[in-house]
Amino acid sequence: MDGNANPNPGRPLTGPGSDPAVASAFADRYRIERELGRGGMGAVYLARDIALDRSVALKVLPPEFASEGSLRERFLRETRMTASFSHPNIVPVYSVEERDGLLAFAMGYVEGESLAERVRRLGPVDTRTIVRVLQDIGYALAYAHGRGIVHRDIKPDNIMIERATGRALLMDFGISRAASATAGAAPGLTRVGEVVGTPEFMSPEQATGDEVDGRSDLYSLGLVALFALTGTAPITGSSVAQIITRQLTQLPPPAATLRDDIPDALGAAIDKCVAKQPEDRFQGAEALVEAIDAAQLAPPEIPLPIRMFAQELQSLGLIFFFLMVMAWLLMQNARQFGNLNVSLPVVVIVAVAVTRIVENYFTARRLGTFGFSADDVLKGFRGVVSEHEEHRNRLRADPATVRRRRSTVRRSLIQIPIAIALMVLAFRGRVKIGPGQYHVSALHVTLAISGLCLFGVSLVLLIRSPFRMQLNER
């Protein structure tokens with residue numbers, strides 16, 4: 001097959017924001033859909049692996065990686081090494097590609113956003129998320145360090161937060177290096193004295209070009225945690241030289257002084273990570289994770305059956321509210337429709353309610369057969385409510401969400417008198433044709449329905465605030 005030909009006739013080689021040259025070079029294997037991001041270490045594209053029919057993130061490295069022999073060889077060697085990694089908190093590398101002078105690697109596509117994007121979008125994150133990041137990335141680093149690989153570029157942009165689960169994944173081992181040079185390593189593959197990385201998140205020993213080990217990654221991870229706490233990098237400057245100088249001499253502020261909601265144990269763990277001397281830090285990523293576990297900073301995982309049961313009960317509350325309203329309306333019109341005509345729908349409503357209660361009863365029984373006690377279920381419910389409350393706290397801290405809520409409240413308050421006016425007009429438009437009987441024109445029926453709908457929508461928008469706990473959750 002011609003490498004420059006479109007492998008899917010009738011379908012474009014490129015999507016919005018993609019580079020036609022890149023799409024053409026890799027067209028024999030990948031269909032570029034769109035650009036995901038761009039930085040000093042190259043551009044990342046969402047692509048479709050044609051052979052395996054799956055989405056991948058294709059990172060195309062800057063031209064110097066392909067043109068400079070030592071960088072190219074080191075990159076190929078170490079990326080192929082990380083391609084052998086298999087860990088739930090490391091974004092997998094599928095393959096390394098070379099085409100038309102371009103060097104790229106395909107890695108797993110994570111449905112979510114980077115920690116940097118999360119902070120830019122919502123501001124500083126909650127402590128639960130920071131603990132999760134320290135744990136998940138700690139596990140990933142322990143795995144990589146155990147295989148002799150130091151990442152050397154731990155930063156918010158290289159930590160992905162999976163949207164569905166909240167899991168943190170480490171990506172981009174593109175400038176990683178072996179912790180110690182192997183005996184037969186080619187010249188230039190692991191050189192002492194070269195400085196590669198991101199200055200704002202670089203350890204002192206890495207900034208001076210000294211040999212680094214896993215403790216260097218822990219220093220960077222501590223700076224990432226401080227960034228997540230405040231929304232800004234703790235050590236910055238007007239130039240690379242100034243930032244590096246400050247990395248060597250300036251201590252980051254103690255984590256506990258940055259926010260009031262930081263547990264002492266979490267602050268101590270972060271402060272230990274960012275100690276200037278490697279021997280003063282945790283001596284391994286496992287030690288960091290163990291410290292977090294020992295302090296019980298991480299909330300307990302909520303088992304999936306309990307989480308699903310909690311969702312079922314919340315929906316049951318809404319169903320009961322609806323059924324009660326329907327039953328009340330039918331009873332109010334009992335005289336008009338006749339007792340038999342009313343009793344039949346009420347019986348149906350009661351039957352639906354009883355059926356739902358019985359279903360939830362047997363669901364609760366199944367939890368018992370799975371080994372969950374009543375305390376386990378209640379603890380899970382508290383965890384679900386706690387997650388919802390933390391989500392509401394994030395929304396309260398988001399200026400865009402606050403503005404939208406204020407706009408919704410103003411719009412609803414304007415709509416309610418309009419709805420009442422429409423219903424009054426419809427009521428006055430009736431023509432009495434007999435005792436308790438009225439003729440209503442199509443226009444007035446439309447006004448009545450429009451007024452009722454507008455009133456109902458406005459009332460729901462006022463009651464269901466994203467900042468308040470909902471009735472079914474209570």
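Helix 5 (127-146) and helix 7 (214-230) each supply at least two residues of the lining of the largest cavity. Helices here are DSSP runs (H or I, at least four residues), numbered from the N terminus. The model is predicted, so local features need pLDDT of at least 70 and side-chain atom pairs pLDDT 80 or more, while totals for linings use all residues. Residues are numbered from 1 along each chain.

A cavity is a set of points on a 1 Å grid over the protein atoms alone where a 1.4 Å probe fits but cannot get out; a pocket is an open set with protein on both sides within 12 Å along at least five of seven lines; lining residues have an atom within 4 Å of a point. A volume is the space filled by probe spheres set on the points. The lining of the largest cavity consists of Leu115, Ile130, Val133, Leu134, Val224, Ala225 and Ala228.

| Site | Volume | Lining by class |
|---|---|---|
| Largest cavity | about 30 Å³ | seven nonpolar, no polar, no charged residues |
| Largest pocket | about 1300 Å³ | 14 nonpolar, 10 polar, 17 charged residues |

Of the 41 residues that line the largest pocket, Arg128, Arg132, Thr165, Gly166 and Glu387 are the closest to its centre. Helix 14 gives the most to this lining, with 12 residues.

Helix 14 covers 374-396. Its 23 residues should span 33 Å at 1.5 Å a residue, and the end C-alpha atoms are 33 Å apart, which agrees. Buried residues (under 20% relative accessible area, 1.4 Å probe, protein chains only) of helix 14 are Val377, Gly380, Gly383, Val384, Glu390, Arg392 and Leu395.

Definitions and conventions:
Side-chain values use heavy atoms; hydrogens and water are left out. Ala, Val, Leu, Ile, Met, Phe, Trp, Tyr, Cys and Pro count as nonpolar, Asp, Glu, Lys and Arg as charged, and the others, Gly among them, as polar. The expected span of a helix is 1.5 Å times one less than its number of residues. Buried means under 20% relative accessible area, exposed over 50%, partly exposed in between (1.4 Å probe, protein chains only).
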